[in-house]
Every structure is written in C-alpha cells, then in structure tokens.
Amino acid sequence: MPDITLGQFVPKDSCIHRLDPRTKIVGMILYITAVLLVKSLLWALAVPAAFVILVTLLAKIPIGYLWKAIKPLRVVLLMMFVLQVLMVHGPEDTVWFEWWKIIITKESVINASFLSLRLVLLVTGTSLMTLTTSPLALTDGLERMMAPLKKVKFPAHELALMMSIALRMIPVLMEETERVRKAQLSRGADFESGNILKRAKAMIPILIPLFVSAFRRADELAMAMESRCYHGGEGRTKLHVLRYAWADLVAVIILLMPIAAAILFEYFFGVKV
C-alpha cells in the first residue's frame, strides 16, 4: 500500500514544480496521446522513456518513485505479457518455441513487450504529474482550463474540486488501509494462507472498517466545508492567481518537438524504427 504513488505530492524546488499546472496537464495529455499513437517499439522505448527520465531528474524526484508506480502492476504486467505471447501468433518461419498447442513467435514476444512497455510508460508518466503538482494547484489548473464551459452551465469548479479531493484521499485511504491491516494482524488475522476465496474472505475485516472510515472522513469534510460557508465557486477569489510565463511556453514547445517528430516519421514518412 505505501508503494502507491498516485495522488502523492513530493514538494521540491525545481523547474518542473514551478511550471503552471495547466502546462503539466496539457503535457500529460500530449504524452498519453504520443504513447498511444506511436506503434513502433524503438520510438515507444526511446522517446517517452527518455522524456520520463528527463522530467524525473529535472523535478529532483528520486528514481525509486518510478519503481513504486510500477510495483503494484507487476501481476497485471506479467499476465498481460503471457496472454499476448500465447494468443498472438506470427508467421511460421518466426516460430521460436512450439509444444502441443503452445506456439511462441518472434512477433508475439515483440507485441507483448510493446504493450507491457506502453502500460509502464503510461503509469510512470501520469504519476509524475501528481508527484510534481499539489492537489490545490491541480484543482486551480483544471478549473481554469474548463472555465469556458461555464457558459453552457457546466460545473467546472465542482468537477475540479471533486477530482482534487479524490486524488488527495488516495494516499489517505492507503495509509488507513495499512493501519487497519496491521491492527488486524496484531489480533491474529491471517491474510496470506489458504486459497484465493479464503484470502478474499479474510479481507472483510479490513474492508468494513475502511468503508466506515471513508464515510466518516467524507462527512467530516462536508461539515468543515459548510462551517466555512462554502457554496461553490461563484464569486470566489484566489490567493495565488495562475499566470503563464515564458518557461511554460518553452516547456510546451520542447514537449511538442519529439512527439511531433515521432508521429511525422511514423505516419507521414513511413519510417518505423
């Protein structure tokens, strides 16, 4: 549970932390688009992976946080890799292993590696946004980006607030889960032995207190907001007003260059490397 990095914020004094949250949101959208569009293994490995490592170093975030983002997905990655290797077949002349109905080809291994790498890059890249952006700044950025939708009565402020609260509650609930799990272990609970059904049943003493705690926290938060006369975003002012700087424009341009190059080479010039 402590290894889950989604929703965690690591305060540092870096150029990435100082960027406008809207720049980082746009960058995340462009990054996800590039990872999903590019279909060649080398581009998928070189460009996004180099981008993630570079941003991590510039943000002064320990590399271990990237491993923490991937660690909870180990079982999913392994299952996805095995299924792709066994279910996707290539030409007969590229068969590496064949036994009974199990056939492993070069194309199946490459395809499985590509999909696993794509999932790893998506998880690590999106985790960097929450690691370098506080929930409050993320809320302000989302609200400003959705501000034009207010003309059609779209609840931009409320939606941004809900997303911010959800992100903020993820590490809180993870800590609460770990606390409840240790309390149950001290009372003799066993979560490791037995088959899958038995271990799932053993999770009930964790889930029930966790749900009770989540509802209690939600009720306390609602009461705190009401006691402070919160009635939505209408007429509210900001202590720190978001303003674009030259660094934000430069960051977007730098981000667009490798993404545009990858898409141009692959889709327009037919170069797949």
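Modeller: Contact here means heavy atoms within 4.5 Å of each other, and on that basis residues 24 or more positions apart account for 73% of the contacts in the protein with a separation of 6 or more. The model is a predicted one.

Colleague: Which elements does the protein have, and in what order do they run from the N terminus?

Modeller: There are 10 helices and two strands, and from the N terminus on they follow the order α-α-α-α-β-β-α-α-α-α-α-α.

Colleague: Why are α6 and α7 called roughly antiparallel to each other?

Modeller: The axes of helix α6 (residues 135–145) and helix α7 (residues 156–186) cross at roughly 155° and come within 9 Å. Angles over 145 degrees count as roughly antiparallel, and α6 and α7 are therefore placed in that class. Their crossing is right-handed.

Colleague: Which residues make the contact of α6 with α7?

Modeller: From α6 the contact takes P135, L136, L138, T139, L142 and E143, and from α7 it takes A156, H157, A160, L161, M163, S164, L167 and R168. Sorted by class, these residues are nine nonpolar, three polar and two charged.

Colleague: What makes the pair of R22 and D20 a salt bridge?

Modeller: The closest N and O atoms of R22 and D20 are 2.9 Å apart, whereas the definition asks for a side-chain nitrogen of Lys or Arg within 4 Å of a carboxyl oxygen of Asp or Glu, so the pair qualifies. The structure holds six salt bridges.

Colleague: Is R22 buried or exposed?

Modeller: Its relative accessible area is 10%, and buried means under 20%, so R22 counts as buried. D20 is buried as well. R22 is found in helix α1 (residues 21–37), and, leaving aside neighbours within four places in sequence, R22 is in contact with G141, R144, M145, L242, R243 and Y244.

Colleague: Are R18 and D13 buried or exposed?

Modeller: The side chains of R18 and D13 meet in a salt bridge, with N to O at 2.6 Å. Exposed means over 50% relative accessible area; R18 has 58% and is therefore exposed, and D13, at 56%, counts as exposed too.

Colleague: Where in the chain do R217 and E176 lie?

Modeller: R217 forms a salt bridge with E176, the closest N and O atoms being 3.2 Å apart. This pair links distant parts of the chain, with R217 in helix α9 (residues 204–227) and E176 in helix α7, 41 residues apart. R217 has 29% relative accessibility and so counts as partly exposed, while E176, at 11%, falls under the 20% limit and counts as buried. A network of salt bridges links E176, R179 and R217.

Colleague: Why does L66 count as buried?

Modeller: L66 has a relative accessibility of 13%, and the limit for the class is 20%, so L66 counts as buried. L66 lies in helix α3 (residues 64–70) and, leaving aside neighbours within four places in sequence, is in contact with V52, T56, T124 and L128. Of these, T56 is 10 residues from L66 in sequence and 8.6 Å away in space, C-alpha to C-alpha.

Colleague: What is the phi of K60, and where does K60 lie?

Modeller: K60 has a positive phi of about 60° although it is not a glycine. Most residues other than glycine have a negative phi. K60 lies in the loop between α2 (41–58) and α3.

Note on methods
Residues numbered from 1 in each chain as written. Predicted model: local features only at pLDDT ≥ 70, side-chain atom pairs only at ≥ 80, totals over all residues. Heavy atoms only, no water. Axes fitted to C-alpha atoms, helices over the stretch in contact; angles between N-to-C directions. Helix = DSSP H or I, 4+ residues; strand = E, 2+ residues; numbered from the N terminus. Parallel < 35°, antiparallel > 145°, perpendicular 65-115°, else oblique. Left-handed = near helix turned anticlockwise from the far one by under 90°. Nonpolar A, V, L, I, M, F, W, Y, C, P; charged D, E, K, R; others polar. Buried < 20%, exposed > 50% of the residue type's maximum accessible area, 1.4 Å probe, protein only.
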